[in-house]
Amino acid sequence: MNENNYFKERDFKNKVKIGEILTTLPSFCSDFIVGIENKTTTLTQLEYLHDIKSFFEFLINEIFEFKDKNVEELDYDDLSKISSSHIEYYLNYLSSYSKDSKKILSNAASAKARKLSSIRCLLNYFYKKDKIASNVSAKIDTPKIREKEIIRLEVDEIVKLINEAESPQNFSKRQKSYNEITKKRDVALLTLLLGTGIRVSECVGLNIEDLDFEVNGFKITRKGGSQVVLYFSDEVASALRDYLEERLNNENVDKNEKALFLSIQNKRISVRAVEKLVKKYSEACVPLKHITPHKLRSTYGTNLYRETKDIYIVADVLGHKDVNTTKKHYAAISEDARRNVANVIKLRDE
């Protein structure tokens, strides 16, 4: 498997899904996808289509002007009939609705904001193409998203997490038996995530040939497809070497399999499997915190800023295009700083 094949395969699968969902949507949606193809990822395109389909289904099921059509029959005239009120009703509808007459679903403000963004992108594209007279979605305020507390691991909790993977204390006998098989992989994977802050998709996409222990560096493919070289500490290198020795001596692995991290079936590990792995160990040692691979990334970002005090270095290493995204980590440090200075000012001499 050549480098980038994981990401090429992922894009191919997304394109197949895009083709499938396009068959259930109006024909103009194909023009939309072609028009945005060069500036968006296949994952973004897929998310747009899911959101657009949800909105169109709402229109034909809930709005009188559209009830005489199926979703795939909608045309440019129907797009022109969409009003800002329709979109506002849709956002309100997303607060609580049923699907297939079985399950009550609800969307948080962040999900509503994303769906609104998808609708805006679609209408704006056809407005610029002179297919509709205006983009009414521009009149809608984006739902206010409450700032969430950044959940991250403290230093002692990082130690607990890695120790739990290395020598489980809170597992059943069966879990401990399974851990013996995956221990070196799990320790290496957790150490890499915590020691570099890479995304889970970047982690599972790593090939053995992407590592260079002479410089303690590795090459990753970012979200948009660009490749960058990042560096890791001696501690991370040690965990990777330990796992890699086991990985290369595993006679059950296909000689053509270049993936660094493997599943129990000796195939490239999946994003979902890494998420379950992180959940398993974190629930065992820090049960009061909901820890995901992204929380490990936040942990790294916070710790890196704490050591460097340079928000731009943190943004660069994490691959953030907008430094404002990185400032979330800075906000966490600011809270620590406010706490530390609480007793600096003395009101009365003692």
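This note sets out points on selected helices, strands and loop residues of the structure.

1. Basis of the model. The model is predicted; local features are considered at pLDDT of at least 70 and side-chain atom pairs only at pLDDT 80 or more, while totals for chains, interfaces and linings use all residues. Residues are numbered from 1 along each chain as its sequence is written, and side-chain values use heavy atoms, with hydrogens and water left out.

2. Helix H12. His-294 lies in helix H12, which covers residues 293-308; helices here are DSSP runs of H or I with at least four residues, strands are runs of E with at least two, and both are numbered from the N terminus. His-294 counts as exposed because its relative accessibility is 51%, the terms being buried for under 20% relative accessible area, exposed for over 50% and partly exposed in between, with a 1.4 Å probe and protein chains only. The C-alpha atoms of His-294 and Ile-198 are 8.9 Å apart in space, although 96 residues separate the two in sequence.

3. From H12 to H13. Lys-309 sits in the loop between H12 and H13. Its phi is positive, near 55°, in a residue other than glycine. Lys-309 is classed as exposed because its relative accessibility is 53%.

4. Helix H13. At the start of H13, a side-chain oxygen of Asp-310 comes to within 3.0 Å of the backbone nitrogen of Tyr-312. Helix H13 spans residues 311-318, and its buried residues are Ile-311, Val-314, Ala-315, Val-317 and Leu-318. An α-helix has 3.6 residues a turn, so residues three or four places apart point the same way. After H13 comes Gly-319, with a positive phi near 80°.

5. The sheet. Three strands make an open, antiparallel sheet in the order S3-S4-S5. Strands S3 (211-212) and S5 (227-231) are the edge strands, each pairing on one side only. Strand S4, residues 217-221, is joined to S5 by 5 bridges in the antiparallel sense; two strands are taken to pair if DSSP finds at least two bridges between them. Within this pairing, Lys-219 has Val-229 of S5 as its bridge partner.

6. The loop between H6 and H7. Asp-130 is located in the loop between helix H6 (109-128) and helix H7 (155-166). Asp-130 is not a glycine, yet its phi is positive, near 60°. The residue is described as exposed because its relative accessible area is 68%.

Conventions. Polar contact = N/O pair within 3.5 Å; in protein donor to acceptor, adjacent residues only side chain to side chain.
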